[in-house]
Amino acid sequence: MAEAPQQQQQQQQQQQQQEEEEEEEQLSSVEETEADEESEEEAKESVHTTPTRPLLSMRSMSTVDPDDDSPNMIVYRKIEDIVTLIQDEEEGVPIRTVKSFMTKIPSVVTGTDIVQWLMKNLAIEDPAEAMHIGSLIAAQGYFFPISDHVLSLKDDGTFYRFQAPYFWPSNCWEPENTDYAIYLCKRTMQNKTRLELADYEAENLARLQRAFARKWEFIYMQAEAQVKIDRKKDKTERKILDSQERAFWDVHRPVPGCVNTTEMDIRKCRRMKNPLRVKKSVYGLVEEGTQSQSPIHTPSHHCRKGTKEDVEKEILFLNTQIDRHRMKMSKVAESLISYTDQYMDYDQFVTAQEPANPWTSDDPSLWELEASKEPSQQRVKKWGFSLEEALKDPAGQELFLKFLESEFSSENLRFWLAVQDMKRRPQQDVAQRAEDIWAEFLAEGAPSSINLDSHSYERTSQNLKDPGRYSYEDAQDHIYKLMKSDSYTRFLRSNVYQDLLTAKKKPETEQGRRTSLEKFTRSVGKSLTGKRLTGLMQSS
Amino acid sequence: MGEMEELRKEMENLKDQITAARKTFQDSTLQEAAAGVTVVGRVQLKTRKTLRGHLAKIYAMHWGTDSTLCVSASQDGKLIVWDTITTNKVNAIPLKSSWVMTCAYAPSGNLVACGGLDNMCSIYNLKGKDGNVKVMRELAAHTGYLSCCRFLSDTEIITSSGDCTCVLWDIETGTQKTVFAGHQGDAMSLGVSPDFKYFISGACDFTAKLWDIREAECRQTFGGHESDINAIGFFPNGNAVITGSDDATCKLYDLRADQELLTYQDSSIMCGVTSLASSKSGRLLLAGHDDFNVNIWDMLKAERVGVLAGHDNRVSCIGVSSDGMACCTGSWDSFLKIWN
């Protein structure tokens, strides 16, 4: 199965994938695994050409299948673009062999080098952000610390090595526990301190031995076979491959407490290509019998592709959209800007609110103020923003109602409120409520007769033949518009509103001042010592 | 097959016409118009509370209307109602199915809802007579997972599903009142307009749709994203829509201009957006990502003004309380954090 060395790494990897698929169809054999490992090495040895495409474009040079648009693949593509470039001989980081304590550490680069490269090539100014991206790439296993199972990036002299494309997450590995067992088993066979099992790995091995008690002989044999193959390799290559293999398992069987980055959002799982994928083995084994299906991999209905009906419906819809009314961008922009401007003072994340933030001061007075029947000036000011705001606040609604009563025109608001209430009632109550509303507001000689134009009146009485939640929608809209343009504007100019807004009424103002002084000293007192507080009280 | 091709051609032609029509209204951009607006400056929110209690990934959270209570759903099979000030658990509701993906708090505060791989939306009454929280209704009809649900009132709820549809339910009778079909991919998220007359949905067909609840029709469709839309919400004034996608960007679409106003993206943000929320004034956009962070954007200038880094795993849900005083994030690390 040995292939002649290729020149393009991309082609090589595709070939690798092809080989892997072919292997699955054939019987498992040690020779297959051997060939696999050979081509893996070849892939690493070949020099790949400098890419010409811009970094992080959507069209990536990664070998991820461009038709696979699952969320993880999208990220892998982006990462692989970076990882390919960072290893480039000319443009990448300096990957070299480091001599240390009578041994040589092949093919490593320092954490600082990686961070510096990221900052320079991704145009990042903040080292923390470069660390964040670097950690993300490390967590996925694309590069790893040579002396640690925890896959994170440190901005110092710690040595890192790059992962072999064979082990890249984009190859959709979902290694079985049998593979993991073989791996841990073979580690115990090779008498090397650097391959000693960590505590959690020893525990895992013990668990697997119990779980696979019946087929342990098979696993042991496979492990022995792997060791035999490994022994044939060059010492340096062996070091590199061992570390890459370990990093692979650190991704798929992470250290307890570390995030398992292979976890997928269950909503996206079933849309992945080949959701019932034949799980390929890292060591070339063919799995007999799959595990019980997890809910994640049950093939629910397939995604609806556009049927003829769908396209026809879409065409109908699009036709309605061509000449729809649109507003100019400048106008809508203006409207958005003025809205944010108006509410900025009420936005805690932009402007610190008074009184103090309840989550820091443990002082709920902010909410007490909001809920109180005596609204603050700020709250009253908001009622002037729109009719919606005035009605949203119970105190605002009450004041508006009072004002309307003074003008003998409260029936409009009362009608509007009654319909709002009716819309929230249980279905069985709706019909009755609709009739009651008709009797109160619209019938001949109704006690609170509202003024509806004849058109809306006709429509509404038609609707009431089959009363439902939306029977009064037209009427409600009409009355709302009326209130907005007429009564509401007069309300804002009225004495009752203006007095509250400017806090003219003396008794209320004094009380207001006293309360806010109390609250001020309370909050100040919390942050000062007793002595200083007394000092403050004395001086005022 | 020739007919299908003809139809597709016609469809593409219409889409081009609409794009051209939209272009004629582009006399400016939001960024240009906002050039003169005062800069917001660096936004630094701190974690004020950490809500501990879930034992597995948190998939969803929703604030109640009173600004201190919120509900969260986790794959440990529990729905928890929290008092965010004291961090006490007001209710811990065990679920029949642990594969829960969404939860919602009714505006009245009386009910909560949740659903997931069981394809159902379960409604729970928090204010039952004997104090026990029980299932009030199980709304079953979807043929795909329940991705999102939002109450209109104690009597009506809207759900979105992996079966590509959204449904308006009558809770009393447990029946479907309206089915909103049209998406060509899993409907992932929905948001209700401030006036409760419309709702928006984001789907895996990369589009967002505006639906008229009463007329049971799709009013507008917005495209532009290059991958699944996972999160969607209204701008506070109800005239614009914000979306978050697996393509790692968020977009702002205006309903009256019928087109995209802005894209929020940065080449150093590689991971998909899972959730989003806007601050009270709409000036800030908070977006939760798969890379464990929340990015804060100035919505008018499309500049990143802050980052919330406090979770040890994906941020799966985010919400700003109704009075805008605090933001809550939920994560696969099983914790919820309150920030401001």
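Start by selecting chain A, which has 25 helices and four strands. Helices (H or I, at least four residues) and strands (E, at least two) are DSSP runs, numbered from the N terminus. This is a predicted model, in which local features need pLDDT of at least 70 and side-chain atom pairs count only at pLDDT 80 or more, while totals for chains, interfaces and linings use all residues. Residues are numbered from 1 along each chain as its sequence is written, chains are lettered from A and ligands numbered from 1 in the order in which they are written, and side-chain values use heavy atoms, with hydrogens and water left out.

**Stop 1: chain A as a whole**

Of the 540 residues of chain A, 46% count as buried. Buried means under 20% relative accessible area, exposed means over 50%, and partly exposed lies in between (1.4 Å probe, protein chains only). Contact means heavy atoms within 4.5 Å. Among contacts in chain A between residues at least 6 apart in sequence, 62% join residues at least 24 apart.

**Stop 2: two annotated spans**

Select residues 89-164 of chain A, where UniProt (unreviewed entry) places the feature "domain: DEP". This span is 32% helix and 26% strand, and its end C-alpha atoms lie 16 Å apart. UniProt positions are given in the numbering used here, feature names are shortened, and annotations may be inferred rather than shown by experiment.

**Stop 3: a network in chain A**

Show the side chains of K186(A), D230(A), R238(A), D242(A) and E245(A), which are linked in a network of salt bridges. A salt bridge is a side-chain nitrogen of Lys or Arg within 4 Å of a carboxyl oxygen of Asp or Glu. Over all chains, the whole structure holds 41 salt bridges.

**Stop 4: where chain A meets chain B**

Now display both chains. The contact takes 85 residues from chain A and 109 residues from chain B. The size of an interface is often given as the accessible area lost when the parts come together. Between chain A and chain B the buried area is about 8500 Å², of which carbon and sulfur atoms give 62%; buried area is the accessible area (1.4 Å probe) that two parts lose on being put together, summed over both.

Between chain A and chain B there are 10 salt bridges. Across this interface, 28 residue pairs are in polar contact (both at pLDDT 80 or more). A polar contact is a pair of N or O atoms within 3.5 Å; within protein, one must be able to donate a hydrogen and the other to accept it, and residues adjacent in sequence count only if both atoms are side-chain atoms. Select helix α11 (residues 308-322) of chain A, which gives the most to the side of chain A that touches chain B, with 11 residues. The residues of that side divide into 40 nonpolar, 17 polar and 28 charged. Ala, Val, Leu, Ile, Met, Phe, Trp, Tyr, Cys and Pro count as nonpolar, Asp, Glu, Lys and Arg as charged, and the others, Gly among them, as polar.

**Stop 5: around R469(A)**

Select R469(A) and D170(B), whose side chains meet in a salt bridge (3.3 Å, N to O). E156(B) is found in strand β11 (residues 156-161) of chain B and is buried, with a relative accessible area of 4%. Not counting residues up to four places away in sequence, E156(B) touches residues including K423(A), W169(B) and K177(B).

Move to S153(B), in the loop between β10 (146-151) and β11 of chain B. S153(B) is also buried, with a relative accessible area of 4%. A polar contact of 2.9 Å joins its side chain to that of T155(B).

**Stop 6: D228(B) and K268(A)**

Select D228(B) and K268(A), which form a salt bridge with the closest N and O atoms 3.0 Å apart. The pair crosses between chains, from the loop between β17 and β18 (229-234) of chain B to helix α10 (residues 266-269) of chain A. D228(B) counts as buried at 1% relative accessibility, and K268(A) is buried with a relative accessible area of 4%.

**Stop 7: C218(B)**

Last, select C218(B), in strand β17 (residues 217-222) of chain B. C218(B) counts as buried, at 16% relative accessibility. Among the residues that C218(B) touches, not counting those up to four places away in sequence, is F317(A).
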